[in-house]
Amino acid sequence: MIMNNWFECKVRTEKMLEGGVTKKVVEPYLVDALNFTEAEARIIEEITPYCNGQLEVVDIKRVKYCEMFTCDDESADKWFKVKCNFITLDEKTQAEKKTSQLMLVQAADLREAVRSFDEGMKGSMIDYQIAAVQETSILDVFPYSASNKEENDKPEFEQG
């Protein structure tokens with residue numbers, strides 16, 4: 001899945017703790033959007049149904065993940081940032097060139113993240129090496145899909 005416009009949105013909400021005490025927390029989410037305005041609107045739309053109190057988007061920043069590897073396993077509840085170096089050979093100088101890319105992997109733990117990444121790269125024709133794997137604090141990812149549009153959205157006119 002190729003991604004170009006990912007935004008990390010930090011959302012402040014109220015969480016109910018044990019004993020009925022509420023506490024304000026800031027949680028990061030990742031949303032696919034065209035621009036900052038759409039990112040804010042989409043994250044509010046996605047998070048609002050799960051919030052009891054006030055919701056406030058406190059920060060939005062563009063992040064550059066070139067690919068994402070998701071997992072259907074329910075235990076895969078963490079997101080890992082993988083820095084991958086693609087290795088190419090300069091035909092003229094015969095020198096190795098490394099190009100770094102960041103990718104996002106959903107997994108239960110570090111070992112599973114590396115395993116999932118390698119599995120996802122299996123069909124790749126380019127040599128690569130994993131330079132770093134780091135667990136992120138991202139709670140959930142909201143990719144753009146055609147189902148995100150409201151069903152009531154209809155074209156302004158239909159050809160007959």
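User: What stands opposite Glu-8 in β3?
Analyst: Lys-61 does. This is a predicted model, in which local features need pLDDT of at least 70 and side-chain atom pairs pLDDT 80 or more, while totals for chains, interfaces and linings use all residues. Residues are numbered from 1 along each chain as its sequence is written, and side-chain values use heavy atoms, with hydrogens and water left out.

User: How do β1 and β3 run, and how many bridges join them?
Analyst: They run antiparallel, and eight bridges join β3 to β1, which spans residues 6–16. Strands here are DSSP E runs of at least two residues, helices are H or I runs of at least four, and both are numbered from the N terminus. Two strands pair if DSSP finds at least two bridges between them.

User: What's the strand order in that sheet?
Analyst: The order is β3-β1-β2-β8, in an open sheet of four strands with mixed pairing. β3 (55–63) and β8 (141–142) are the edge strands; each has a single partner, so one side of each lacks a neighbour in the sheet.

User: OK, and β6, which strands pair with it?
Analyst: β4 (residues 67–69) pairs with β6 (residues 96–107) in the parallel sense, over three bridges. β5 (residues 78–89) pairs with β6 in the antiparallel sense, over 12 bridges. On that side, Lys-78 has Ala-107 of β6 as its bridge partner.

User: Which residue takes a positive phi in the β5 and β6 hairpin?
Analyst: Gln-94, with a phi near 60°. The hairpin has six residues between the strands.

User: Switching to the inside. Which residues have the most contacts in the largest nonpolar core?
Analyst: Phe-7, Cys-9, Ala-39, Ile-43 and Ile-47, out of 13 residues in that core. β1, β2, α1 and β3 each supply at least two of its residues. A core is a set of buried Ala, Val, Leu, Ile, Met, Phe, Trp, Tyr and Cys joined through side-chain atoms within 4.5 Å. Buried is under 20% relative accessible area, exposed over 50%, partly exposed in between (1.4 Å probe, protein chains only).

User: What is Ile-43 in contact with?
Analyst: Setting aside neighbours within four places in sequence, Ile-43 is in contact (heavy atoms within 4.5 Å) with Cys-9, Val-11, Tyr-29, Val-57 and Phe-142. There is also a second, separate core of 11 residues, with Cys-84, Ala-107, Ala-113 and Phe-117 among them.

User: How many aromatic pairs are there?
Analyst: Four. Rings of Phe, Tyr and Trp (its six-membered ring) pair with centres within 6.5 Å; planes under 30 degrees apart are stacked, over 60 edge-to-face, the rest tilted. Tyr-29 and Phe-142 make a tilted pair, 6.2 Å centre to centre with 35° between the planes. Tyr-29 is in β2 and Phe-142 in β8, so their pair ties together parts 113 residues apart in sequence.

User: Are those two buried or exposed?
Analyst: Tyr-29 counts as buried at 10% relative accessibility, and Phe-142 counts as buried at 11%. Another pair, Phe-69 with Phe-117, is edge-to-face: 5.5 Å between centres, 85° between planes. Phe-69 is in β4 and Phe-117 in helix α2 (residues 110–120), 48 residues apart. Both Phe-69 and Phe-117 are buried. Ring pairs link these two and Tyr-128 into a cluster.
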